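Welcome! Have a look at the fold below, and then let us walk through it together.

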Amino acid sequence: MTDPIADYLTRVRNAIMANHKVVEVPASNLKKEITKVLFDKGYILNYKFVEEGPQGYIKIALKYHPQTKVPAIKKIVRVSKPGLRKYAGHGTMPIVLNGLGIAILSTSKGVMTNKEAKNLNVGGEVLCYVY
């Protein structure tokens with residue numbers, strides 16, 4: 001697999017499109033940090049890190065509106081790819097959906113959203129947009 005982050009995002013996107021409640025993805029430290037950011041910002045209901053086998057996996061409970069069954073994640077898009085990396089400085093931080101969405105960045109201070117990175121005056125690689 002050349003791009004494990006794209007695989008992670010695609011599994012989540014496919015599970016939402018199929019109205020699944022839970023999705024399992026192979027674990028890595030970066031995927032765990034992305035999952036924590038999604039949980040902190042309210043895009044997923046819950047998560048669990050399962051240490052089983054050589055790699056382990058992450059169980060993610062997806063979030064839907066109780067009455068209308070509309071998913072919390074409308075769109076999740078990979079930005080920086082292995083063939084073309086996208087970076088943003090603290091002055092050129094991306095704004096997703098006029099501030100309604102988030103961009104997840106990998107910075108020198110860890111994985112965080114675009115708003116947190118702007119407050120800390122750090123830039124980094126833009127991993128994905130979520131809204």
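## A walk through the fold

Leu84 sits in the loop that runs between β4 (76-78) and β5 (87-88). Strands like these are DSSP runs of E with at least two residues, helices are DSSP runs of H or I with at least four residues, and both are numbered from the N terminus. The model is predicted, with local features needing pLDDT of at least 70 and side-chain atom pairs counting only at pLDDT 80 or more, while totals for chains, interfaces and linings use all residues. Residues are numbered from 1 along each chain as its sequence is written, and side-chain values use heavy atoms, leaving out hydrogens and water.

Is Leu84 buried or exposed? Leu84 is exposed, with a relative accessible area of 51% (buried means under 20%, exposed over 50% and partly exposed in between, using a 1.4 Å probe and protein chains only). Leu84 and Leu45 are 39 residues apart in sequence, and their C-alpha atoms are 32 Å apart in space.

Now find the open sheet of 3 strands, whose order is β1-β3-β2 with antiparallel pairing. Strands pair if DSSP finds at least two bridges between them. In general, strands of a sheet pair through backbone hydrogen bonds, either parallel or antiparallel. Here β1 (22-26) and β2 (44-50) are the edge strands, each pairing on one side only. Strand β2 is joined to the antiparallel strand β3 (residues 57-62) by 6 bridges, and Val50 stands opposite Tyr57 in β3.

Two helices accompany this sheet. Helix α1 packs on the sheet and touches β1 and β3 (contact means heavy atoms within 4.5 Å), while α2 lies across β1, β2 and β3. Helix α2 runs at about 155 degrees to β2.

How do the helices meet each other? Helix α1 (residues 4-17) and helix α2 (residues 29-40) pack at an angle of about 40 degrees, with axes 10 Å apart. These axes are lines fitted to C-alpha atoms, for helices over the stretch in contact, and angles run from 0 to 180 degrees between N-to-C directions. That angle makes α1 oblique to α2 (under 35 degrees is roughly parallel, over 145 roughly antiparallel, 65 to 115 roughly perpendicular, and the rest oblique). Pro4, Ile5 and Tyr8 of α1 make the contact with Leu30, Lys31, Ile34, Thr35 and Leu38 of α2.

Strand β6 (residues 102-107) and strand β7 (residues 110-113) run antiparallel, joined by 4 bridges. The bridge partner of Leu105 is Met112 in β7.
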